[in-house]
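Subject: Structure for you to look at

Hello,

Here is the structure I promised to pass on.

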Amino acid sequence: MSQLPFPQSFNVVFFGGTGDLVMRKLLPAMYQSHKNGQLGEAGYFYCLGRRNYTPEEYRSIAEEKARHFLPAADWDDEIWAAFRQRVVYERIDAENPEEYAALKSRLDKTPAEVNVFFLSVAPSLFTMICQSLARQKLNGPNSRVVLEKPLGHDLASSNAITEAVGRHYHEKQIYRIDHYLGKESVQNLMALRFGNALFEPLWRRQWITDVQITIAEEVGIGSRAGFYDGTGALRDMVQNHLLQLLCFVAMEPPSSLDSDAIRNEKLKVLECLVPFTAEEVRANTVRGQYRAGTSGGHAVPGYLEEPGVPAGSKTETFVAIKAEIANWRWAGVPFYLFTGKRLPKRLADIVIHFHDVPHHIFPLPSNGSRAPAKLVIRLQPDESIRLYLNAKLPGHSMQLRPVSLDLDFTSKFSERREEAYERLLLDIIRGNQALFVRQDELEMAWRWVEPILNTWAADPEGPEPYKAGTWGPAASAELLSRSGHRWHEDD
Ligand SMILES: NC(=O)C1=CN([C@@H]2O[C@H](COP(=O)(O)OP(=O)(O)OC[C@H]3O[C@@H](n4cnc5c(N)ncnc54)[C@H](OP(=O)(O)O)[C@@H]3O)[C@@H](O)[C@H]2O)C=CC1
Ligand SMILES: O=C1O[C@H](COP(=O)(O)O)[C@@H](O)[C@H](O)[C@H]1O
């Protein structure tokens, strides 16, 4: 994560240049980096697709999308006019190896210190693309390949991608994106833990009762049924984003900010995750599927009524899991993972619940429950860290009430906060792998998730229904209450 020098020149080749991810996230992110003067003089974005656009047609479409997706305050006509000179559209059918020679000739016109091949296409094209690039000798030491999720739908298919890409690119050239790692707040978690001595002595089983990691989404699946129905929340969110967040919470201090120092520590956490038997899957997981309800005050359809979802689909849109990490620091501390679509609001939180005091001398609060200290790290929509402690209510009684010590990043720092893809793309160009998932981490994450997938697949019952706009099936709250814990939203 330490700052590496930015190369004098680079080419970024976006396979999938006409697709949603490039138009909505990647080009706007690079416009921002250009605007911030972070791209140097000689850097080009080759955007590839099968459509017959002229370069100018493509640039106009990209401009229209970027205007739409960027905050209005960040738009500047003159800056875009300069940025669009970096954007070059090229037609290619990625499945036709003969067409790569033209790509090679095009890149030869802008020889660069670094060539990045960003595969923003379906994983079924990864093998063909890597093989065809290698045939054109576009896999030398100055080449990097970027893989977007989903990286497989189970361990075997993930390993097949690893093997196919690994035939042509070394691990040091492969960047597996988990965009959560590009979020400023996730890096702040490292700062909180390893830049302050305060929390380290408390960050363990002796002081912590449970950890809750939530990524709640208000949106449904939108128009993504084709992708989502074959995927589900466990593969879409838990296997990657939630397990990565769990690693950042649970890992030991890395010896430095070196990519492998960090990834070695994350891997150890994944290795310590206790694997579930089928019976434990039934006891420690809840899956749900939304039904018609309300969202943002509007009536919304259930998952099964979404366009493109097959009748009777058993795909889960909500997951709650009680996980355990078997090591000296965390043995016996449940890590609750929650994620779902069509929940009441967009929210990503990491909540650390601390033990209560060993002996109470203050009266029981009027609501009948005490509130031991907790730390709430909010990743989105706003970014903050709040430490809730008990304080005395003013007056003659000795009643306590939780109050929070607040650190609100937006008000504390005037600097602009980068979007995840800005940070991640610049890191790729620089050659910094710290915020990218290493092959062994990917494999361990799939190993842990697979028994859950298999048990659910064999279960004729399917997911439990929950009404859109609620916090998921009631069983998810029971998952906590059985162990004497409460979901922090209930506090
Ligand atoms: N969109 C998102 O927010 C996210 C997407 N992803 C992943 O990123 C990848 C891309 O997603 P997204 O942009 O949404 O997908 P889209 O369906 O919007 O775009 C797919 C892209 O692939 C291109 N493509 C398909 N087949 C070929 C081919 N044979 N040769 C050349 N190009 C081809 C299409 O080009 P054309 O149409 O011109 O033929 C198009 O540019 C997927 O794997 C997705 O799962 C991951 C995280 C978030
Ligand atoms: O990877 C994915 O993430 C998004 C949620 O990302 P966020 O940054 O908006 O929190 C999710 O909607 C999508 O289904 C999934 O593929």
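**Ligand surroundings**

The shell around ligand 1 is made up of 7 nonpolar, 6 polar and 7 charged residues. Of the 20 residues around this ligand, those that come nearest are Gly19, Leu21, Gly49, Arg50 and Ala94. Please keep in mind that this is a predicted model.

**The annotated histidine**

Which residue does UniProt list as "active site"? The entry, which is unreviewed, gives His241. This residue sits in helix H9, which covers residues 232–250.

**The annotated domain**

An unreviewed UniProt entry also places the feature "domain: Glucose-6-phosphate dehydrogenase C-terminal" at residues 190–488. In the model, this span is 30% helix and 24% strand.

**The nine-stranded sheet**

An open sheet is formed by 9 strands, in the order E16-E15-E14-E13-E7-E12-E11-E8-E17, with mixed pairing. Its edge strands are E16 (400–408) and E17 (464–467), each of which pairs on one side only. From one strand to the next, the twist averages 20°. In general, strands of a sheet pair through backbone hydrogen bonds, either parallel or antiparallel. For strand E15 (residues 384–392) and E16, the sense is antiparallel, with 9 bridges between them. Within this pair, Ile385 has Leu407 of E16 as its bridge partner.

**A buried arginine**

Arg144 is part of strand E5, residues 143–147. Why is Arg144 counted as buried? Because 22 C-beta neighbours lie inside 10 Å of this residue, and the cut-off for buried is 20 or more. Apart from residues up to four places away in sequence, Arg144 touches Val114, Val116, Gln173, Tyr175 and Ile428. Val116 is 28 residues from Arg144 along the chain, yet the C-alpha atoms of the two are separated by 4.7 Å.

Regards

Methods: Residues are numbered from 1 along each chain as its sequence is written. Chains are lettered from A and ligands numbered from 1 in the order in which they are written. This is a predicted model: local features need pLDDT of at least 70, side-chain atom pairs count only at pLDDT 80 or more; totals for chains, interfaces and linings use all residues. UniProt positions are given in the numbering used here, feature names are shortened, and annotations may be inferred rather than shown by experiment. Helices (H or I, at least four residues) and strands (E, at least two) are DSSP runs, numbered from the N terminus. A residue is near a molecule or strand if its C-beta atom, placed from the backbone, lies within 6 Å of it. Ala, Val, Leu, Ile, Met, Phe, Trp, Tyr, Cys and Pro count as nonpolar, Asp, Glu, Lys and Arg as charged, and the others, Gly among them, as polar. Two strands pair if DSSP finds at least two bridges between them. Axes are lines fitted to C-alpha atoms, for helices over the stretch in contact, and angles run from 0 to 180 degrees between N-to-C directions. A residue is buried if 20 or more other C-beta atoms lie within 10 Å of its own, exposed if 12 or fewer, and partly exposed in between; C-beta atoms are placed from the backbone. Two residues are in contact if their C-beta atoms, placed from the backbone, lie within 7 Å.
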